[in-house]
Amino acid sequence: MLSLPFDPLQRAREVEELVMEGLARKYYRFRPARYYGGIATADLVGCPFLCAYCWNYGRNLHPELSRDRYYSPDEAAKRLLAIMKRKRFNKVRLSGAEPILGQQSFEHLYKVLEGIYKANPVCDFILETNALLIGCEPEFVHRLSQFEGLHIRVSLKGFDEESFEAISGSDGRYFDLPIKGLKDLIEHGINAWPAIMYEIFGPEGTGKINKTLMEYGIRPEELEIEYLEPYPFVLENPKKRSISLHTLYNSKLPRLLRRGRGHIRGHNQKKDTHTPGL
Ligand code: SF4
């Protein structure tokens, strides 16, 4: 039984053991998705966080129970390339969980990236991450910076230690690590940006995270706002953790932030940026 709050780095190590077999990683599906104007998507299993609004909550809570299969980097890349070819997409992403849990899962990701770019050097690869491990491991940032078409969307889980703990289920003392990871990515010239869930942050939380990002030298206009898809099961856990959801109707959110930022060609901000699980 996982009790909250937990140490997310320890959990990352435990989860990595459950979802990796050598360099093969557990995935639960490969699909074409409408997000970003059409994108080949592979949904993973396993995350160091357990966010209250995660729509992949069950699999991420008990990755060991899912009957999903393991795919080598080569198999995963081939499946994604096949979807891209069939649907005439030029974008690809991993979603549903956290791609980077430690060294082993990073190697898997790196080889998937190599496989994709070897076959299609001009595609856009959108890496959706919570950046916890990126904040711990400068070597990951250095290696990711080799891929020119890589775009990294860092989904932030709180605007201070307290909200981070309530939302992610992790010890609040780890609040800064993802922001540090984001800063490192940007400093290495990678197209990386922060994203937040508006209903969770509200105007006050949005203001607070902007202030923190500025302290890290990250410009407020980089912030992307995403919106919760209100499935009943997605709304249930925030209630259990006493997190009140904000709505746009009573929002004082500045117009600029409502629009968010379109980093990727054909990217529809409001609909397309909801990240299943991230
Ligand atoms: S929302 Fe994202 S970061 Fe949070 S538990 Fe789900 S997959 Fe992990």
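User: What makes strand β7 and β8 a pair?

Analyst: Two strands pair if DSSP finds at least two bridges between them. Five bridges join β7 (residues 150-155) to β8, and the two run parallel; within this pairing, arginine 153 stands opposite tryptophan 193 in β8. Strands here are DSSP runs of E with at least two residues and helices are runs of H or I with at least four, numbered from the N terminus. The model is predicted: local features need pLDDT of at least 70 and side-chain atom pairs pLDDT 80 or more, whereas totals for chains, interfaces and linings use all residues. Residues are numbered from 1 along each chain as its sequence is written.

User: Why is strand β8 called largely enclosed?

Analyst: A residue is buried if 20 or more other C-beta atoms, placed from the backbone, lie within 10 Å of its own, exposed if 12 or fewer, and partly exposed in between. Six of the seven residues of β8 (residues 191-197) are buried, so the rest of the structure largely encloses this strand.

User: What does β8 make with α9 and β9?

Analyst: They make a right-handed β-α-β unit. Right-handed means that, with the strands pointing away from the viewer, the path from the first strand over the helix to the second runs clockwise. β8 and β9 (residues 224-226) also pair in the parallel sense over three bridges, and glutamate 224 in β9 is the bridge partner of alanine 195.

User: How do you know that helix α7 is mostly covered?

Analyst: Six of the eight residues of α7 (residues 161-168) are buried, among them Phe164 and Ile167.
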